[in-house]
Amino acid sequence: MKMAKPELTSNRIGLLPFLVVILIVAHVIAFVSLLVLQISNRQDIPENEEALERKIGGGVKQEIGSDMLLRSVIITNSLWVRSQRHILSFLVRRLCVSAHVFTSVSSRKGLGIDEGCNDFLPWLENKAGVEISSLLSIGKSANGRALYAAEDIQTGDCLLKVPFSVQLAPDNLPPGITCLLGDKVGDVAKVALLILHEKRLGHKSEWAPYISCLPVLEDMHGSVFWSDEELEMIQHSALYEETLKQKQQIEKDFLALKLVFDQFPDRFQNVTVEDFTYAYGLVTSRAWGSSRGVSMIPFADFFNHDGTSESYVLSDEGKQHSEVIADREFAPGDEVLIRYGRFSNATLILDFGFSVSCNRYDHVQIKLNVPQHDVLCTQKLQLLGRHRTRSIKDDNEFTYSENSFIIREVRPGSKWGKGIPQSLRAFARILTCNSQQELDNLRNEATQNDGRLARKPFKNKNREIAAHQLLLSEVSHLITEYEKHIKLLVPTPPFLCERSAPRRRLALDLLTGELRVLKSASAWLENYCSMLRTH
């Protein structure tokens, strides 16, 4: 859900090769010692077991397995060869077990006990008065805090149940503050205000154990925290404009809360817009929509994201709790992941501060406008105005205007170009009309059908090719701009400091993902135009 510095874990992992070498050397020394003992004792075999124990040193054996193996070696010459096999087998098993341990640790880079949260779950369960989870434990991953399987988990198991009573929502604000908030203050801003209120209370807050587990500002990489120089890295993506809108909304909400700050100076003294932005970012990255507006769900918000997971947070209004059901099996020590939503990297970076390589939900915004120099500009705008569709709000919560369109990745071999919206292709057909008669034909066709303009291909193949060549030209231009900008980010631009390295990686994930989408659209458009020419 957030990115954290894994220095401690990486240092621990870095010692593994040396420990492996030491272990191997120790086993070799033990093996050579056994051979020496065997050779020296072949001519001096004790008469009985009691004599053997006196020879070895007597007393209680500290390593029963080793003594039993040694005893089998030197009791009789007839067992000498077979005992070699036993010793070798024993040493191999020891080495294999050791290797397995090291491999397991290495394969879970970042996995470690989160000592800072040892008492968190007991505190939460005591506050809730019910068990939250017996299957999960809090640990550390490369992405910060995470939840791991504490025991075997089966598909369909309920991973946790968090009662509404221990979730933070707008109605948790003190009544004296709530009455000062107007309709202009949204739910996210209200919960952000609650976070600031509880942080000011410190250890006196009833939520102190939870507040102390929230990430610090330095570990938050949502794009609202980026500097102007860092935002320049994503200027070609729709995320750039969306981030500016988010920053403006945060400032607007901050000003709307001024009355609260003035009425309660003891609780909100010297609160800055930067403080409020930090709290706002905590909410957008950790809260879920609920019947109470938005809710921060302690413990559940330690889950990290997997876009392929079929597990997600569910709210049961009847039972008054939120729960998560396992979508697969997990072995003890496995990190348990859920899906926050079908989010593109643009949304993940904006709201959560991380990205996913090769994100299948990536998309690109493309804008088309009727050129002012078009002789039919007025007529085309009037036609579009009469048949205007409502603004689009996509699955990633971005809102686009009528001349903005969302392109998603087009799979190779797609016959219909799924991923390139029909509305975009229709807009291109309107733009390429060069006579009033063509516009009238489109208007009549729309009236006779469902009212949507230019949804059917032109009967004239040359006109259809022209419309799609226009789209291909726009997409090709974007591809050139994206490729040029990606090259500027590799290596690290001189205007970025070392602290910006995580955000540079996010920008690269974003741009390369959107470039992949554009190239898939370009390939389909080229193939479509080629097919029209040859048929």
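**Salt bridges, ring pairs and surface charge**

Lys127 counts as partly exposed, at 28% relative accessibility. The model examined here is predicted. Lys127 forms a salt bridge with Glu206, and the closest N and O atoms are 2.6 Å apart. This pair links distant parts of the chain, 79 residues apart. Lys127 sits in helix α6 (residues 120-128), whereas Glu206 lies in the loop between α8 (187-201) and α9 (208-211).

Across the whole structure, the search finds 17 salt bridges. One of them joins Arg328 to Asp327, with the closest N and O atoms 3.0 Å apart. Arg328 is partly exposed, at 30% relative accessibility. Asp327 is partly exposed too, with a relative accessible area of 23%.

Asp362 and Arg516 also meet through their side chains, in a salt bridge of 3.8 Å from N to O. The two residues are 154 apart and link distant parts of the chain. Asp362 belongs to the loop between α15 and β11, and Arg516 to helix α20 (residues 501-534). Asp362 has 2% relative accessibility, so it counts as buried. Arg516, at 23%, counts as partly exposed.

Arg360 counts as exposed because its relative accessibility is 52%, and the threshold is over 50%. On the surface, Arg360 gathers with Arg342, Arg411 and Lys418 in a patch of positive charge.

Tyr340 and Phe354 form one that is edge-to-face, with 6.1 Å centre to centre and 75° between the planes. The partners are 14 residues apart and link distant parts of the chain. Tyr340 lies in the loop between β10 (337-338) and α15, and Phe354 in the loop between α15 and β11. Tyr340 is buried, at 12% relative accessibility. Phe354 is likewise buried, at 10%. Elsewhere, ring pairs link Phe120, Trp123, Tyr210, Phe299 and Phe302 into a cluster.

Two further C-alpha separations complete the picture. Leu136 lies in strand β2 (residues 136-141). At 4% relative accessibility, Leu136 counts as buried. Lys319 is found in the loop between β8 (314-316) and β9 (321-325). Lys319 counts as exposed, at 59% relative accessibility. A C-alpha separation of 9.2 Å relates Lys319 to Phe164, 155 residues apart along the chain.

Technical notes:
Residues numbered from 1 in each chain as written. Predicted model: local features only at pLDDT ≥ 70, side-chain atom pairs only at ≥ 80, totals over all residues. Heavy atoms only, no water. Patch = residues over 30% accessible without salt bridge, like charges linked within 9 Å, V, L, I, M, F, W, Y side chains within 5 Å. Areas by Shrake-Rupley, 256 points an atom, 1.4 Å probe, with all protein chains shown as cover. Salt bridge = Lys/Arg side-chain N within 4 Å of Asp/Glu carboxyl O. Lys, Arg positive; Asp, Glu negative; His and termini not counted. Charge placed at Lys NZ, Arg CZ, Asp CG, Glu CD. Buried < 20%, exposed > 50% of the residue type's maximum accessible area, 1.4 Å probe, protein only. Phe/Tyr/Trp six-rings, centres within 6.5 Å; stacked < 30°, edge-to-face > 60°. Helix = DSSP H or I, 4+ residues; strand = E, 2+ residues; numbered from the N terminus.
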